[in-house]
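Let's take a walk through this protein together. Have the coordinates open and follow along as we go.

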Amino acid sequence: NTIQYRVTIADLKCDYLDLLLIHWPVAWENPTKAEDIANQTEFFFVDPATGGSKVVNIPIIDTWKAMEALVDEGLVKDIGVSNFTIEEVDSLLTQCRYKPVANQVEAHPALPQDALQSFCESKGIKLMAYCPLGLGMGTNMSEGLIYVPAFVKIATDNGFKSAAALCLQWSSQKGFICLCKSVTPSRIAENSKIPFGGLSEEVLKQLKAYGEANPLRVCNPVLRDTTAPFFA
């Protein structure tokens, strides 16, 4: 609601946000117990078997209309979604006044999101790529994409400084808004020097073949029912 949003921007010490996203295409209860609030990572993933959060029936359009009101009030410049499937984006587009400017999803060479990107861009919606290195919550480092020997070999055989550099250059060539987090100054400096695009057709062919043979999702969804994935 507007009151809670104003608390948020006050905490951030700003007057408005450039972009506000619906984080998930499903709603669930906020934590109320102190132990749940202190351990939000576990609580915020829906898992009834372990006491995770409870899904609540709040239509996406209800949340979207509240966000549109924030745009009307000048409190947000743009609004978007995250982890939405093609079907969920399409449904929202039939009901909204302001269309989402972005859809933030996991994307990397082993999860290229080709169909979702094609659909979103046909509607003027940009894809933002999180986990662009194939590393994410709950993923052992040795299992992340940039540490898989076969993928590292593609990078080294084609003269890349690292598998991470290959992932980031691939992401830029795809036209994604790449969200690459680092707290290491040297890596931040390296990332800033990675070219935008420019991968050869041969490298792209190798990456495509690798992704098709070794699909990977590091932010692994649970199912909210038998047909609809938890997120894109």
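## Two residues with positive phi

Start at Lys13, which is exposed, with a relative accessible area of 75%. You'll find Lys13 in the loop between α1 and β1. Its phi is near 60°, a positive value in a residue other than glycine. Keep in mind that this is a predicted model.

Now jump to Cys131, in the loop that runs between β6 (126-130) and α7. Phi of Cys131 is positive too, near 50°, and again the residue is not a glycine. Is Cys131 buried or exposed? Its relative accessibility is 15%, and buried means under 20%, so Cys131 counts as buried.

## The protein as a whole

Stepping back, the protein has 232 residues, and 38% of them count as buried. Its secondary structure comes to 10 helices and seven strands. The protein exposes about 13200 Å², with carbon and sulfur atoms supplying 56% of that area.

Five strands make up an open sheet with parallel pairing, and going across you meet them in the order β1-β4-β5-β6-β7. The edges belong to β1 (17-22) and β7 (177-178); each has a single partner strand, so one side of each is left without a neighbour in the sheet.

For a look at one pairing, go to β4 (residues 76-82) and β5 (residues 102-106), which run parallel and are joined over two bridges. Here Val81 stands opposite Asn103 in β5.

## Helix α4

Next up is α4 (residues 60-72), a helix that lies across β1 and β4 and runs at about 160° to β4. It has 13 residues and reaches 19 Å from first C-alpha to last, close to the 18 Å expected at 1.5 Å a residue. After the helix comes Gly74, with a positive phi near 75°.

Which residues of α4 are buried? They are Ile61, Trp64, Met67, Glu68, Leu70 and Val71. These residues cover an arc of only 160° around the axis, which puts them on the same side of α4.

## Helix α10

Last stop: α10 (residues 201-213). This helix also spans close to what you'd expect, with 13 residues reaching 18 Å from the first C-alpha to the last, against an expected 18 Å at 1.5 Å a residue. Its buried residues are Val203, Leu207, Tyr210 and Gly211. Seen down the axis, they fall within an arc of 95°, so they line one face of α10.

What do the buried residues of α10 pack against? Their partners are α7 (149-157) and α8 (163-174). If you turn to the face of α10 that points away from the buried side, you'll see the exposed residues Glu201, Lys205, Glu212 and Ala213.

How values were computed:
Residues numbered from 1 in each chain as written. Predicted model: local features only at pLDDT ≥ 70, side-chain atom pairs only at ≥ 80, totals over all residues. Heavy atoms only, no water. Helix = DSSP H or I, 4+ residues; strand = E, 2+ residues; numbered from the N terminus. Buried < 20%, exposed > 50% of the residue type's maximum accessible area, 1.4 Å probe, protein only. Areas by Shrake-Rupley, 256 points an atom, 1.4 Å probe, with all protein chains shown as cover. Pairing = 2+ DSSP bridges. Contact = heavy atoms within 4.5 Å. Axes fitted to C-alpha atoms, helices over the stretch in contact; angles between N-to-C directions. Expected span 1.5 Å × (residues − 1). Arc of directions from axis to C-beta.
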